[in-house]
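Please work through the exercises below with the sequence and the coordinates at hand. Each task is followed by a stepwise solution.

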Amino acid sequence: MRLIQFRPEGIYCVPGKFFIDPWLPVDIALITHGHADHARWGMKKYLCHHFTVPILRSRISPDIQVQGISYDENIKVNDVQVSFHPAGHIIGSAQIRLEYKGRIVVISGDYKLQNDGLSTPFDPVKCHEYVSESTFGLPIYQWKSVERQNEELANWVVHNQSYHKTSVFVGYSLGKAQRIMKAVEDTGPLYVHYSIHKLNQAYESVGIKLPKYEVLDFREDVKHVNQGIVIVPPALVDSNAIRKIPNMAYAICSGWMTVRGARRWRSADAGFAISDHADWNDLLTAIKLSEAEKVYVTHGQTAVFSKYLNEIGIASEEVKTEFGEEDDEIVSAKVEGNVV
Amino acid sequence: MRAFAKLVHALDSTNKTNQKLEAVHHFFREAEDKDKLWFLALFSGRRPKRAVSTTLLREWAKEITKIPEWLFLESYSSVGDLGETISLLLPDPKGYMEYSLSEWMDKINQLPFYDEYEKKQFILKVWGSLPHQERFIFNKLLGGSFRLGLSTKGLVNAISSYYNLDASIVSHSIMGEWTVQNSNFEELVHGEYVDSNLSKPYPFCLAYPIENIEETLSDLSKWQIEYKWDGIRGQVIKRNDEIFIWSRGEELITDQFPEIVNEVRKWEGDFVLDGEILAIANGEILNFTALQKRLNRKVLSKKILEEVPVGMYVYDILEHNNKDLRNESMSYRRKMLESYFVNKQLISIKLSTIVKSESLVELSYIRERAREINSEGLMLKHKDSVYHVGRKKGDWWKWKIAPLTIDAVLIYAQKGSGRRSSQYTDYTFAVRDNENLVTIAKAYSGLTDKEIQEVSRFVNKNAVEKFGPVRTVKPELVFEIAFEGIGWSTRHKAGVALRFPRILRWRKDKTVAEIDDLESVKKLIH
């Protein structure tokens, strides 16, 4: 019997009778992390890492039935041994390991190998079959070190201050926004949009300390943020709200900003290639570390990446899923819903 | 090269004109004279000949990165720029090479004297010694287009505002054939080489599409009205018995049109004329597809010269016996121009005819029938107007005939380049040919950014191929395509070629069953 199947509802564990990150309502859903394309509405029961619990309650509903689990803790679900291991993507993000009759499958969700200083660092897990993303599965994507990235963000803020400008960062409200906050800590007064504040609370509720900030209400006057630092979610790009910010210089933080064309397409004042996904080399490293004999590629550059894996002798197959809609962190802003 | 890299980065990161100006001014304050000259040369299209082929650059990049050809191509089609792709693929540099822009250009100009092995040694050393942004610029310097976020007009404005000069003077000063080696930046932009340069053309005066027709043309007697021709706008210069023909793109095209040169040679005196180069057979103007056969040929055979004879319709005179006439009125210049045509037996050069009309109604009628003589519509020039530099509203207007349109379906999509490399922006359209679809046109513009994103999403979901730059898509999206003209063509499968096709609008209300068929498209050719 195959341990997992790719079903219309999502990735299914056959002997365990549960789904991992399903996109249609099911009975039992194991959730790799709190991003909207992986943690969806309508499951009877959710199982996720402890840190993901407050995120799900905040994003889906306070009333959902959800059970938290620690990293490396073993539990049995219908005879399948299940454990969660750090994926390094955002807080609480996990690679889910399934073991049944000596066969091991790991569903990695989204992951990165760089240590962002907020998420528990990625921990490789050996397995027979590995389910991997490939958002940045092209060799043009090679991230700079986190120290260098943080330095660039902080320098940009200082540069703007010398021109009396307000630094506005656009970044996903769960994960990216908090990284930006950390990177620019102590360079100036920090303001964040309400949707980010809501997720910051989830961070703080599990004991993660974030820099001091103020919540910015765009329905009111926002002139006081002048020359400070503002962080907003992607949904606010091109909105009237963002135009109220005085003397704005705005930067987009996303892995897509690697390519000049993508930066200019968004016509931002600056683009920083900062991502919560693994770059090309780290995707390959993670897969090699898993020692898997078979790799399923779920979203992103699936065709390219699995072709390459096959060429270097790692059996691979692409799988159609509904993760990473548009595979674009900026376009996917709309999955965050009505944030203004 | 840090200063230049900073400038390129700054130009790249904003589309606000003021910030671009600021960045250029900053560079002017900091850079050495020779660096400024190179900046000017590169941004005005005067780069040296490519010394290392792109094929070699690709081979070496693949060798270093150890990635297969197909993956290199996937990367390339995702980035849309070869120099940038290579720079992104290469591993981080180990050291740093500190040279100014002009020092780099000197090194690059040495490359033609190297053999292939030496070239490779040099390029690989540079690739291993520059951070991404500078490595990317280096690759751009090696050849290929160098249009990074600053138009010629923006460049001229930056210089004129920095030195407090008139934009038209700067435009004039930096045109023509100067070299970095023989020039000094300050002297060049101040126009000190102008007189010594016989070939130097004037910037073209351009027209805006007409607005408020009735109000603008309330007094027709104030306007000089001519046909607007769809050929190549050109400037013919005769000074000291030397003849030069410039295109609007600031290219010297003298050798391509011997008919014009031979006839002008017989004219006395020195002058600069502005006109339209057209294919003319037996006194009739042919459409642009005919003229196209004559363009960009290395050798002009006797056969092609007979098949597509070329001539020029002259609109204006800008210089007469070394006197700049551009600040004289249109009516003065016209009189002067007409005097040139008195008692001359001319075959290839003709005076642009004045369209006479008593009323706006009559004029509209003339305009509507312009296509019958392969004209694009009318040009209206105020009789008091001077010859402006570039586009200026009010004195000159173009009043074009409405474009032809067809409904066609999207069948192929390709990612754009530069700013558009993240989206599918280049489309191929088809019309019906009995039971089949046949390609009719390619178009690159006309949609908003939002619409482009929407089409890109459709392409991602409905593409047949997974690899390579071109995606075949389900024929489902219907667009209205506008174009200026249509002619027979043996090069295209449909047997016709459209002139200036572009997307007029997305017909979300139409299905593929409602697109035009080839027979009805062919009927548009007269």
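This is a predicted model: local features need pLDDT of at least 70, side-chain atom pairs count only at pLDDT 80 or more; totals for chains, interfaces and linings use all residues.

Residues are numbered from 1 along each chain as its sequence is written, chains are lettered from A in the order in which they are written, and side-chain values use heavy atoms, without hydrogens and water.

**Exercise 1.** Describe the interface of chain B and chain A.

Solution. Step 1: about 2900 Å² is buried between chain B and chain A, 53% of it on carbon and sulfur atoms; buried area is the accessible area (1.4 Å probe) that two parts lose on being put together, summed over both. Step 2: with contact taken as heavy atoms within 4.5 Å, chain B contributes 34 residues and chain A 28 residues. Step 3: one salt bridge (a side-chain nitrogen of Lys or Arg within 4 Å of a carboxyl oxygen of Asp or Glu) is found across this interface. B:D12 and A:R260 form a salt bridge through their side chains, at 2.8 Å from N to O. Step 4: helix 5 of chain B supplies the most residues, six, to the side of chain B that touches chain A; helices are DSSP runs (H or I, at least four residues) and strands likewise (E, at least two), numbered from the N terminus.

**Exercise 2.** Characterise the salt bridge between A:D276 and A:K112.

Solution. Step 1: the N to O distance is 2.8 Å. Step 2: A:D276 lies in the loop between strand 17 (270-272) and helix 7 (280-290) of chain A, and A:K112 in the loop between strand 10 (103-107) and strand 11 (129-134), 164 residues apart. Step 3: buried means under 20% relative accessible area, exposed over 50%, partly exposed in between (1.4 Å probe, protein chains only). A:D276 has 3% and is therefore buried; A:K112, at 1%, is buried.

**Exercise 3.** Which residues have the most contacts inside the largest nonpolar core?

Solution. Step 1: a nonpolar core joins buried Ala, Val, Leu, Ile, Met, Phe, Trp, Tyr and Cys residues through side-chain atoms within 4.5 Å. Step 2: the largest such core has 95 residues, and A:Y130, B:F4, B:F39, B:I123 and B:F138 have the most contacts inside it. Step 3: helix 3 (residues 33-43) of chain B provides the largest share, seven residues. Step 4: leaving out residues up to four places away in sequence, the residues that B:F39 touches include B:F4, B:L101 and B:L155.
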